[in-house]
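Dear colleague,

I am handing over the structure below, and after it you will find notes on what came out of going through it. Please read them with the coordinates open.

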Amino acid sequence: MYRKCTTEKTILQQACIEKSLFDMMDKMDYDDISVTELCRQSNISRRIFYRLYEGKDDVLFAMIDHSLLDLEKFAFSANTYDNEEMEIYYSFLRYWVEKKQLLDVLGKHHFTTLLIQRAVSFIISEEAASLSRFGINDPQREIDTLLYHLTGMLSVIVYWHDTGYTKPIHDMVEELYRLTSALRSGK
């Protein structure tokens, strides 16, 4: 478990530790990274580290969770498509192209499934409350549908990344739209 920081100081400390972990994972094996070295790299005391995190894995979880929060804040305002659903797919794909280095590092250490797992946990914890506040009659069905789409889209993103983004982004938008349309229509 990691602490959800609210002060500017602790948010910056947490970001510094996450950045240090990211940089270290880019250069060395995850199992070879120690909390001591992570603290040294981020110029943070162990006391502060353990105030923010229970251990190294929590830094990894926070790094992934914060990337998912960034996605939530990512502007869906490119106005590339007339269709709102296609616009969302475009923004989603564009975000993960910009996060290529994160996907590189996660893939290098075989943590891309962790990204999907954390996304599922994020949706369950964040969306359940939101849906009931908006008077959605069957929030569990809405969450299940959202999880199905999100995990499928993230799997497509990981595959697209792993194959070197060989298809142009607009082709990928069309493909995601075609797949979800087929699912909705039952074809």
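Y177 lies in helix 9, which spans residues 169–185; helices here are DSSP runs of H or I with at least four residues, strands are runs of E with at least two, and both are numbered from the N terminus. Before going further, please note that this is a predicted model, in which local features need pLDDT of at least 70 and side-chain atom pairs count only at pLDDT 80 or more, while totals for chains, interfaces and linings use all residues. Residues are numbered from 1 along each chain as its sequence is written, and side-chain values use heavy atoms, with hydrogens and water left out.

Y177 counts as partly exposed because its relative accessibility is 26%, where buried means under 20% relative accessible area, exposed over 50%, and partly exposed in between (1.4 Å probe, protein chains only). Leaving aside neighbours within four places in sequence, Y177 is in contact (heavy atoms within 4.5 Å) with N83, E85, M86, Y89 and R184.

**Helix 5**

Helix 5, residues 84–98, has 15 residues and reaches 21 Å from its first C-alpha to its last, close to the 21 Å expected at 1.5 Å a residue, the expected span being 1.5 Å times one less than the number of residues. N83 caps the N-terminal end of helix 5, with a side-chain oxygen 2.8 Å from the backbone nitrogen of E85. Within helix 5, the buried residues include M86, Y89, Y90, F92 and W96.

**The chain as a whole**

The secondary structure comes to nine helices and zero strands. Of the 187 residues of the chain, 41% count as buried, and residues 24 or more positions apart account for 64% of the contacts with a separation of 6 or more. In helix 1, S20 is buried, with a relative accessible area of 6%, and S20 touches L38, Q41 and S42 when residues up to four places away in sequence are not counted.

**Two loop residues with positive phi**

N43, in the loop between helix 2 (35–42) and helix 3 (46–52), has a phi near 60 degrees, a positive value in a residue other than glycine; N43 counts as exposed, at 71% relative accessibility. Y165, in the loop between helix 8 (139–162) and helix 9, has a positive phi of about 50 degrees although it is not a glycine, but Y165 is buried, with a relative accessible area of 18%.

**The largest pocket**

The largest pocket has a volume of about 700 Å³. A pocket is an open set of points on a 1 Å grid over the protein atoms alone, where a 1.4 Å probe fits, with protein on both sides within 12 Å along at least five of seven lines, and lining residues have an atom within 4 Å of a point. The volume is the space filled by probe spheres set on the points, which are joined across faces, edges and corners. The pocket is lined by 27 residues, of which E18, M63, D65, H66 and S67 lie nearest its centre. Helix 1 (8–27), helix 4 (56–73), helix 6 (100–108) and helix 7 (112–133) each supply at least two residues of the lining, and the largest share, eight residues, comes from helix 4.

With best regards

Definitions and conventions: A polar contact is a pair of N or O atoms within 3.5 Å; within protein, one must be able to donate a hydrogen and the other to accept it, and residues adjacent in sequence count only if both atoms are side-chain atoms.
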